[in-house]
Amino acid sequence: MSAVCALFISDLHLQPAHPATSEAFFDFLERHARHAQQLYLLGDLFEYWAGDDDIADPFHQQVVAALRAVSDAGVAVYWIAGNRDFLVGAGFAEAANVILLPETWVAEIGGHKVVVLHGDAQCTQDTKYMEFRAMVRQPAWQAQFTAMPLAQRKAIIAGLRADSRKEQSGKSYEIMDVTPQAILDVFHDTGADVMIHGHTHRPALHHVDGKRRYVLPDWEPEATPPRGGWIAIDEHGAITRHGLDGAVIAS
């Protein structure tokens, strides 16, 4: 069996209200991630993150401990922020022993030049979201927001999530998906031959001018049919897509 160079997951939206997803994640870490060389968390691991001062929450402690165990097993664990957990900072990174990456990162993996990202920055047709994203990614905005009491921040986030759900119901498929030109721009700017991202919850393999773009699934084990899984790259450069049971569903 070929050694696994790297595993990639995103969009688990972990929260206490969905224990089946958490259990699937912990099972993935124990059975698969701890045996890889690298693990990439490509955004929205949490349903939301109000700030690193919420790390003492028992559920968050459980997630931190599980990630730390993978890192302690010798796996390099990398984190790219999503649109739900972009406030994860140095405190979380130190506790979980994960490496925070910028929103676009290029790595040589299994002989491929791979660019990894969350994917929300490429949804450029959603102009309202892009304006909001530009605002909340500003260090000054984040400093002002995290200075608020934790309970107040959570209340604001709950309101924003409710507003987002209402707005999404009226948006078209095309607006909420990545823009083709934005994808081409990333390939051009990075020189990568493989792209892996999440965010859209539309798992697929797309061929773009001789290059490959893989979209990760979101995780919902109790859905019908169940959703979830990951992408793996082995030492020989084989790229495979896996379901929640670990079985290869496509390559």
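How many of the residues of strand E10 (residues 230-234) are buried? Let's look at this predicted model in a few close-ups, in which local features need pLDDT of at least 70 and side-chain atom pairs count only at pLDDT 80 or more, while totals for chains, interfaces and linings use all residues. Residues are numbered from 1 along each chain as its sequence is written, and side-chain values use heavy atoms, with hydrogens and water left out.

**View 1. Strand E10 is mostly covered.** Of its 5 residues, 5 are buried. Here buried means under 20% relative accessible area, exposed means over 50%, and partly exposed lies in between (1.4 Å probe, protein chains only). Strands (E, at least two residues) and helices (H or I, at least four) are DSSP runs, numbered from the N terminus. Follow the side chains along E10: Trp230, Ala232 and Asp234 point one way, while Ile231 and Ile233 point the other way.

**View 2. E10 pairs with strand E1 and with strand E11.** Two strands pair if DSSP finds at least two bridges between them. Strand E1 (residues 4-9) joins E10 in the antiparallel sense over 4 bridges, and there you can find Val4 opposite Asp234. Strand E11 (residues 239-242) also pairs with E10 in the antiparallel sense, over 4 bridges. In this pairing, Trp230 stands opposite His242. The hairpin of E10 and E11 has 4 residues between the strands, and Gly237 takes a positive phi near 90 degrees.

**View 3. Phe28 and Trp230 form an aromatic pair.** Rings of Phe, Tyr and Trp (its six-membered ring) pair if their centres lie within 6.5 Å; planes under 30 degrees apart count as stacked, over 60 as edge-to-face and the rest as tilted. By this rule there are 11 aromatic pairs. The rings of Phe28 and Trp230 are 4.7 Å apart, centre to centre, with 45 degrees between the planes, a tilted pair. Phe28 sits in helix H1 (residues 19-31) and Trp230 in strand E10, so the pair links distant parts of the chain, 202 residues apart. Phe28 counts as buried because its relative accessibility is 1%, and Trp230 because its value is 4%.

**View 4. Trp49 and Phe92 meet edge-to-face.** Why does this pair get that name? The ring centres are 5.3 Å apart and the planes stand at 75 degrees, so the pair is edge-to-face. Trp49 lies in the loop between strand E2 (38-41) and helix H2 (58-72), and Phe92 lies in helix H3 (residues 90-96), so the pair ties together parts 43 residues apart in sequence. Both residues, Trp49 and Phe92, are buried. Ring pairs also link Phe46, Trp49, Trp79 and Phe92 into a cluster.
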